[in-house]
Structure formats: structure tokens, C-alpha cells
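Biologist: I have a new model open and want to learn how to read it. Where do we start?

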Amino acid sequence: MKRILLSLLISAALAGCTQVRNPATGELQYTTLSQQDELRLGAQEHPKVLAEFGDAYEGHRAAAYVTEVGRRLVAVSELPEQQFTFTLLNSPVVNAFALPGGYVYVTRGLLALAADEAELAGVIAHEIGHVTGRHTAQRHTQSAAAQGTGMLGVLLGGLFAGEAGARAAAQLAQAAAPAWVMSYSREQEFEADELGIRYLTRAGYDPRAMASFLGRLQGQAQLEARRTGRSAEAEQNIYASHPRTLDRVARAAEAAAAQAGGPGQRNRAAYLAAVDGMRYGGDPAHGLVIGRSFVQPAMGFRFDAPEGFTLFNSPSRVIGRSADGAVMVFDADQRQTADVASYLQRQWPGQGATRAVWPGRVDGHDAATGLAVGRIGNQVRQVLVGAIDAGEDRVWRFQFVTQQLDQRSAGAYQAAVESFRFLSPAEAARYPGQMIRVHEVRPGERLETLMPGASPDLLADVRLINGLPLEGGQPEAGRTIKLIVPATGGTPVAEAGGGTG
Ligand SMILES: [Zn+2]
């Protein structure tokens, strides 16, 4: 988390080191942040996390459930009195992380992926371990993202707006990755796993849930890799930060289970009750990524990214990346010129960057595409730009950059701009989003019949979140599973709500 890292580094530079006894491990260690500093830092970064991840998911019992599980684990930690803040983020991305000062985050995507309460508890216990272990995030470069970040720098102002724009782009590249990898050292990850297993066991959970959930993350990374055409190792996801810990965690968990003298709880029924009716995937209010299409029912439009692009939605823009390193950005702007063509000529990208503009129409609205030049380091790149009149002096706009813009890629990018369509209210209503519905399987039932009309991608998703083989796996009769069904009646709200105590 670049922005948070930056704050940590600045604080470190100002504070100087002090020696403290680590509350979880009992070891003396040098730290640059006092507990007060950590609390202040967490409180300062918390709203930024909410903004980047589309806010907390509230109004459903799942949010209170995450807090209840978290409190049960904190109570058996070395810091039972410290204030912890547990947040269920309204994001389809699979992720969990902690900030100094006791802020622990779990996404909807991660909650949906877990098999039971013990697996959720394992993730939360690991994050609590980072807090009680007083781990300070460390800076290390993420070379895999570097190329794409450079491209994004061009698109988001590295050329046009100078260094500040490039820094914003680097931060965004992190936010737009499929998951947000916190930069802890390997030793800190091991320690968080060990502390997590300790808390799981003390709280009466089956400590082996820690390893079984890592197995699920592995499956998720493989499915993601298959979809984007990259290797599982190249993906920036939560699993990528833990790949070689699986064996070690499994051994530690087995040892803990053997010592515990009982099987430990899994609490699958409580977990299923908590996620029943929870939103799954994107929130239509933020826009939905469906294959390589982006649909924004609330604002009434959709478009299709070029073949081979994977889209990531963030609150302020949609970013696409292709397996061969091309990058696209879609967002909105306020037009201050007479028309859309002059917007591309004079206002954006600006400063004489645009070399050619072709006015046209897209779905009956004024539109224009153009070629601009950008610079990555000392290399000049051509950028295909497009803008569509959105009414009230606003424009929807596209930017595409690739290593070598040729006839074929330019044609594909132009086609993506022209795929833009405005949605009528009736069309928009066809995208209610999805939710989880818990179902006990009856003899002879198959996923294809339980989820009629589901795409192969959605069937792979439902197999993943139920721990079934991704190719053709079917649930056993009598098993209660999580189906993914169209959302009904807006955000489903729990009957009673657990309260946050
Ligand atoms: Zn960790």
C-alpha cells in the first residue's frame, strides 16, 4: 500500500528509533513508531482505505459477523484491551490487510471465498498478528507492476502533468491491481501466521483452517491467472505474498491441532447464515466488470474493452491491462471547450500533445478520437484517446497506450471507444448485481440447473467458493452450498442484525 508506506517512511524519518518490548513475541525490538503514533496513523489512513475500496459494506449481518469473529480473537491475543476496528469492505477483490493501530480489513470477496468461520477467523487472526506483532510495512519494489505503472504514468499525467501525476499513477497501479499486497517482510508474514495459529487455537477454532484457506487462495490465484492469461506467479494477489508459506503453515497448524486436544470449531452453519443474502461481485452502484465489458447501470452506460484486456474498477476510473502490457484508462471529465473535438484538441491531454483528431458520433452522441504523444522515461509513446459527449458539458473519455501502436491495435482501441452505449432505465434494470444464496442440495441437482443461464465464468466462481473442482465439479446431495444468484430488491438487509457490541 504505497500511500500508507509513504506515511510510515515519513514518520520513521521524523521519529527516530526507540527500543520496545514486542507485546506478542516478548522480544525487544527497534521500532520507529510509538503505539500512539500507530493509532494516529491508522486513524488517518482509514478513510483513504474506505475511499479506495468503495466503502464499508453495511446493512447486512455479514459486517457485524466479521466484527464478532475479530473480537473473539482479540480477546485471546496479547492485546485484549487494545481497540480494534474491523471493517468488511464493499469490494469483490479477495483481500485482507491491517493498518497499524488495530484497523483490520476483510473484503466481501474474501468472505465469500472462505469455507467456514474458522477459515475467516484464520485470515483475521493473521492480520491481528501483524498488529500485535507491531509489524511496520517495509518498502520493496514490485517489479512485475513496473512496466504497467510506467504506462499508467503516461495515461494519468506522468507526461502531461509532471512528476506529481506519475506518483499518483504509481499509487493507482497498486489500487487497481486485483488485490492489494501489503509489503511486509517474509519473516513478518511467518510471524503473523504463527501468531494467527496461536489465536485460532486459543479461541477454540480448528487451527488447520489457516492452511485450508491458503489452499482456497491458491485455487483463486489459478482461476485468475487462467482468465488474464498470465501465470499465477505474475498475478498481484493476496496469494502472491504467501506462496511458500503454505507448507510451513500446514505443519504448524497440524502441530497446534495435535496439542489442542480436540478438533476445534469450524462453525460452518454460522458462517453460511452470515453470508446468505450478501452481495457477490461488483456493486452496480460502482459499475460492474462482466468479462471484458464494463456496465454502469447507475450512470446508464456500458462499453467493451478490446480482446485480451482485463478490467479493474476503482471509485474514480476503470483501468484495463492486457497480457502483452497494453493499458487503458476510462474516466469522466468536465468539458470547457465548445465541443468534443475541441476538447481533445485543446483541453485534454493538453499542451499540444494531441497530433490528430477525428470527430464522429457514438451511439447518437458527439464523439471524437485522436492520437496524442506521451513519454515514458525517454521513450515516446503514442496514445489513442477518445471522448464522448455525456451531456451537461461532461465527457466520458478513453486512453490507450501500448508498446507499439500499429494499425491493428489502433483499430481495436477505436472499436472499444465505439462500443460505448447509453443504457435506458429498462436496460440498466437488467443489471441488479449478484448475491449469495445458501442452498441445501437435493439428490440429482446440478449447479447448471440451480443457476440457470449462468456463464462458464460464473460457474467457475461458484465452484471456487464451494471448494469444488473448477472443471465440472458438482456438489453432493445433502451439502449446503453457496449459490450466486441475481440480487433481489436492492441490498438485502438482515432480519435482526447482530449489532457490533
Ligand atoms: Zn500478512
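Biologist: Which residue takes a positive phi just after H2?

Modeller: Keep in mind that this model is predicted. Glycine 54 is the residue, with a positive phi of about 70 degrees.

Biologist: What is the span of helix H2, and what is expected?

Modeller: Compare the end-to-end distance with 1.5 Å a residue. H2 covers residues 35–52 and reaches 25 Å from its first C-alpha to its last, close to the expected 26 Å.

Biologist: Where in H2 does a kink lie?

Modeller: At glutamate 45, shortly before proline 47. The kink is about 30 degrees. Glu45 is also among the buried residues of H2, including Leu41, His46 and Leu50.

Biologist: How do I read a nonpolar core?

Modeller: In soluble globular proteins, nonpolar side chains tend to be buried together. Here, the largest nonpolar core has 72 residues. Leu88, Leu111 and Met278 are among those with the most contacts inside it. Helix H5 gives the most to this core, with eight residues. A second, separate core has 23 residues, including Phe294 and Tyr413.

Biologist: What is leucine 88 in contact with, beyond its neighbours within four places in sequence?

Modeller: Its contacts include Tyr57, Val66, Leu111 and Met278.

Methods. Residues are numbered from 1 along each chain as its sequence is written. This is a predicted model: local features need pLDDT of at least 70, side-chain atom pairs count only at pLDDT 80 or more; totals for chains, interfaces and linings use all residues. Side-chain values use heavy atoms; hydrogens and water are left out. A nonpolar core is a set of buried Ala, Val, Leu, Ile, Met, Phe, Trp, Tyr and Cys residues joined through side-chain atoms within 4.5 Å. Buried means under 20% relative accessible area, exposed over 50%, partly exposed in between (1.4 Å probe, protein chains only). Helices (H or I, at least four residues) and strands (E, at least two) are DSSP runs, numbered from the N terminus. Contact means heavy atoms within 4.5 Å. The expected span of a helix is 1.5 Å times one less than its number of residues. The bend at a residue is the angle between axes fitted to the seven residues ending there and the seven starting there.
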